[in-house]
Amino acid sequence: MNPPQINTDRYSRQILFSGIGRQGQERLAASRVAILGCGALGAMQAEMLARAGVGFLRLVDRDFIEASNLHRQVMYDEHDVEERLPKAVAAAARVARINSDVTAEAVVKDINYSNVEELIGDVDLVLDGADNFELRFLLNDAAVKLG
């Protein structure tokens, strides 16, 4: 399989860094990441991974953006609140504006024992952006099971 085409201009600083280089940037572009929870932590993870050039982001959250989120969830703005957007949908739209080379899949659903493996089964990395320990334990169990 051929490595994905990367914008060497956009990622020139990362490519110059010996810890990443061109090969590492190509690996980032081919990577698939699931972020479960798109609040303050998950939204920041999504934005940074999009800026770094990760090729696919699955953004999963059941919640909608509220005005009380705006002081700490920097990915969202007043327009998102007015539109009553789900966090995953608004985050995916923002990722698309940040980096059109990144595919962002918004999944608006409650994460539970019946769907967690489906949500993370086809990705290379799972990031915990959750705000509760029940979900963290569920996510950990599924990640360990799936390797």
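This note sets out numbered points on the sheet, ring contacts and salt bridges of a predicted model.

1. Basis of the values. Because the model is predicted, local features require pLDDT of at least 70 and side-chain atom pairs count only at pLDDT 80 or more, while totals for chains, interfaces and linings use all residues. Residues are numbered from 1 along each chain as its sequence is written, and side-chain values use heavy atoms, with hydrogens and water left out.

2. The sheet. Four strands form an open sheet in the order S3-S2-S1-S4, with parallel pairing. Strands (E, at least two residues) and helices (H or I, at least four residues) are DSSP runs, numbered from the N terminus, and two strands pair if DSSP finds at least two bridges between them. Strand S3 (103-107) and strand S4 (125-128) are the edge strands; each has a single partner, so one side of each is left without a neighbour in the sheet. From one strand to the next the twist averages 20 degrees.

3. Strands S2 and S3 with helix H5. Strand S2 (residues 56-60) pairs with S3 in the parallel sense over 5 bridges. Phe56 has Thr103 in S3 as its bridge partner. Helix H5 (residues 87-98) packs on the sheet and touches S2 and S3, its direction making about 170 degrees with that of S3. Contact here means heavy atoms within 4.5 Å; axes are lines fitted to C-alpha atoms, for helices over the stretch in contact, and angles between N-to-C directions run from 0 to 180 degrees.

4. Charges over rings. The criterion is NZ of Lys or CZ of Arg within 6 Å of the ring centre and within 35 degrees of the ring normal. The charged end of Arg32 sits over the ring of Phe56, 3.8 Å from its centre. For Arg84 over the ring of Phe64, the corresponding distance is 5.6 Å. Arg84 belongs to the loop between helix H4 (78-82) and H5, and its phi is near 55 degrees, a positive value in a residue other than glycine. Its relative accessibility of 56% makes Arg84 exposed (buried means under 20% relative accessible area, exposed over 50%, partly exposed in between, with a 1.4 Å probe and protein chains only).

5. The model has 10 salt bridges, each defined as a side-chain nitrogen of Lys or Arg within 4 Å of a carboxyl oxygen of Asp or Glu. Since Glu105 lies in strand S3 and Arg58 in strand S2, the pair ties together parts that are 47 residues apart in sequence. Arg58 is buried, at 7% relative accessible area, whereas Glu105 is partly exposed, at 30%.

6. Salt bridges involving loops and helices. Asp110 and Arg62 form a salt bridge whose closest N and O atoms are 2.8 Å apart. Asp110 lies in the loop between S3 and helix H6 (116-120) and Arg62 in the loop between S2 and H4, so the pair ties together parts that are 48 residues apart in sequence. Lys145 forms a salt bridge with Glu117, with the closest N and O atoms 3.0 Å apart. This pair joins helix H7, which holds Lys145, to helix H6, which holds Glu117; the parts are 28 residues apart in sequence. Shared partners link Arg32, Arg58, Glu105 and Asp122 into one salt-bridge network.
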